[in-house]
Amino acid sequence: MFSTSEQGDRVVRDGIAIPAQNIDPGFYTVLVRHARSPSPWQDPKVTSAGWVLHVRSGELLLCGLGYLTKWTPDHPRHRRIAVPPGWYEAEVRGHLLDPDDAAYEFVLSGPTGARPTFHAHLDHGLNLIDND
């Protein structure tokens, strides 16, 4: 439903979720940081900016899309991160650290009381491996 319908696009535009699409299966380091904090990595291989995120509860939930189809709030594979409530603009950056190691960072600007303008590309993929 989230990946094949207008409802999925609405969820993203409303700041409920940020999709990390077209990522090869595997294990990745994931970092959520504020834009004022320095990144541990330089020169991302892929970036996707203009996402909007609305935090109400004071925490973010990181999980794969498949976990949303059979929702279990306290699933042991979900990762929760404390983030102050408010509206954020977000950029996703993907880093290929070496052939066997990669990382994604979610860079948040905010919080603000006003909703930022959504200008991300919904079909932008974040695959780090060129599949020519």
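**Chat about a loop, a buried Arg and paired strands**

Colleague: Where is Leu 65 placed?

Modeller: Leu 65 sits in the loop between strand S3 (59-62) and helix H2 (66-69). Helices (H or I, at least four residues) and strands (E, at least two) are DSSP runs, numbered from the N terminus. This is a predicted model: local features need pLDDT of at least 70, side-chain atom pairs count only at pLDDT 80 or more, and totals for chains, interfaces and linings use all residues. Residues are numbered from 1 along each chain as its sequence is written, and side-chain values use heavy atoms, leaving out hydrogens and water.

Colleague: What is the relative accessible area of Leu 65?

Modeller: The value is 48%, so Leu 65 is partly exposed. (Buried is under 20%, exposed over 50%, partly exposed in between, with a 1.4 Å probe and protein chains only.)

Colleague: New topic. Which strand holds Arg 33?

Modeller: Arg 33 belongs to strand S1, residues 29-34.

Colleague: And what is its relative accessibility?

Modeller: Arg 33 has 9%, so Arg 33 counts as buried.

Colleague: What is Arg 33 in contact with, leaving aside neighbours within four places in sequence?

Modeller: Pro 38, Ser 39, Arg 93, Glu 105, Phe 106, Val 107 and Leu 108. Contact means heavy atoms within 4.5 Å.

Colleague: On to S5. How many bridges join S5 to S6?

Modeller: Ten, and S5 and strand S6 (residues 101-112) run antiparallel. Pairing needs at least two DSSP bridges. In S6, Ala 103 is opposite His 95. A hairpin links S5 to S6 through two residues.

Colleague: How many bridges pair S2 with S5?

Modeller: Eight, in the antiparallel sense, between S2 (residues 46-55) and S5 (residues 86-98). Val 52 stands opposite Glu 89 in S5.
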